[in-house]
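Me: I have a protein model open and would like to learn how to read it, feature by feature. Can we begin with the space inside?

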Amino acid sequence: MIPMYTTIGEHCVELVCRSERLLAGLKKSFRFSFSSSRKPDLFVQVNEGYGVPFVDDHVEITKQGGVISYARADYLLETESDYVHSEISAYNELALKHALMNLYSAYLIHHEWGLLLHSSCVVDRGRAVVFAGPSGAGKSTAARLSQPRELLSDEATLVRITPRKITVYDSPFRSELHGAPDQPVCPLSSIQLLKQSPINLRNPISKPSALLQLTDKVFYWAHDAEETRKAFSLLVTLTEAVPVYELFFQKNDTFWELIS
């Protein structure tokens, strides 16, 4: 198989896919080329024919001989401890997307680059605004109501975290909504924790409360104390730098009067 190349955030990914069916699914969200001017950061081999259709989100993690294995009913991800060389065996397109999110999130945390947040994100006047919350809180709804603002994510927001600045990249890990290609990198202005309501109301929350409420919004599969420390440290830096609000919102675009 001929290697293909794609970019996620600042990272070049070399991918060899042995399944035409899975490759067709990948091409819905990822832009590929057959050459790269730079050395890849990640190398991924993809196989078809593993497991059963999606059952639940439970992932069994084991480590043996320098290889970490993430096993879900519908995918098996086997990766080296630095997450650079990996092999994914998947049942279908959904399983492959989730395995890639698993891999890329682990890579970001291991290299202390940033986080994947379970959230949607749009661009308002050149600055990114994140909408986070539990399942059913309205993340995709808020993003849809924010149109025609450009969309950076509707499922997994890609956040670059450094002590000097917090920025958001276009995320290929989409669920329902797709934006224009090649979105610019934007500074992150605020995070909204969503709560559907008959009225619009926005309240700032304290940094300790923000840290607590965002902990379960990080795509992270805990298996190692040092990796958990890195994830927590990145989240502390994020909440120290960016204001976090509780946003009670109606299902229309009037909530933007509280944000803009």
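Me: How many cavities of 30 Å³ or more does the structure hold?

Reply: Bear in mind that this is a predicted model. A cavity is a space where a 1.4 Å probe fits but cannot get out. The structure holds two that reach 30 Å³ or more.

Me: Which residues line the largest cavity?

Reply: The lining consists of Thr6, Ile8, Val13, Leu15, Leu26, Phe30, Phe32, Leu42, Val44, Leu100, Leu103 and Tyr104. By class, eleven are nonpolar, one is polar and none is charged.

Me: What lines the second largest cavity?

Reply: Its lining is made of Tyr70, Tyr83, Asn102, Ser105, Ala106, Ile109, Tyr220, Trp221, His223 and Glu227. The class count here is six nonpolar, three polar and one charged. H2 again gives the most, with four residues.

Me: Is H2 mostly covered or mostly open?

Reply: Burial is judged residue by residue, with under 20% relative accessible area as the cut-off. H2 is mostly covered, with 15 of its 18 residues buried.

Me: What should I look for at the start of H2 and just after it?

Reply: At the start, look for a side-chain atom that reaches a backbone nitrogen: a side-chain oxygen of Asn92 comes to within 3.3 Å of the backbone nitrogen of Leu94. Just after H2, check the backbone angles, where Glu112 takes a positive phi of about 55°.

Me: Now the strands. Do S2 and S3 run parallel or antiparallel, and how many bridges join them?

Reply: To read a pair, take the direction, then the bridges, then a residue and its partner. Strand S2 (residues 11-17) and strand S3 (residues 42-48) run parallel and are joined by five bridges. Cys17 has Val46 in S3 as its bridge partner.

Me: How many bridges join S3 to S7?

Reply: There are six, and S3 and strand S7 (residues 85-90) run parallel. Within this pair, Val44 stands opposite Ser86 in S7. Val44 is also one of the residues that line the largest cavity.

Me: Where can I find an antiparallel pair?

Reply: Go to strand S11 (residues 156-161) and S12, which run antiparallel and are joined by four bridges. The two form a hairpin with four residues between them. Ile161 stands opposite Ile166 in S12.

Me: Are the faces of S12 covered or open?

Reply: For a strand, look at each side in turn. S12 (residues 166-169) has both faces covered. Ile166 and Val168 are buried on one side, and Thr167 and Tyr169 are buried on the other.

Notes. Residues numbered from 1 in each chain as written. Predicted model: local features only at pLDDT ≥ 70, side-chain atom pairs only at ≥ 80, totals over all residues. Heavy atoms only, no water. Pairing = 2+ DSSP bridges. Buried < 20%, exposed > 50% of the residue type's maximum accessible area, 1.4 Å probe, protein only. Polar contact = N/O pair within 3.5 Å; in protein donor to acceptor, adjacent residues only side chain to side chain. 1 Å grid on protein atoms, 1.4 Å probe; cavity = no way out; pocket = protein on both sides within 12 Å on 5 of 7 lines; lining within 4 Å. Points joined across faces, edges and corners; volume = space filled by probe spheres on them. Nonpolar A, V, L, I, M, F, W, Y, C, P; charged D, E, K, R; others polar.
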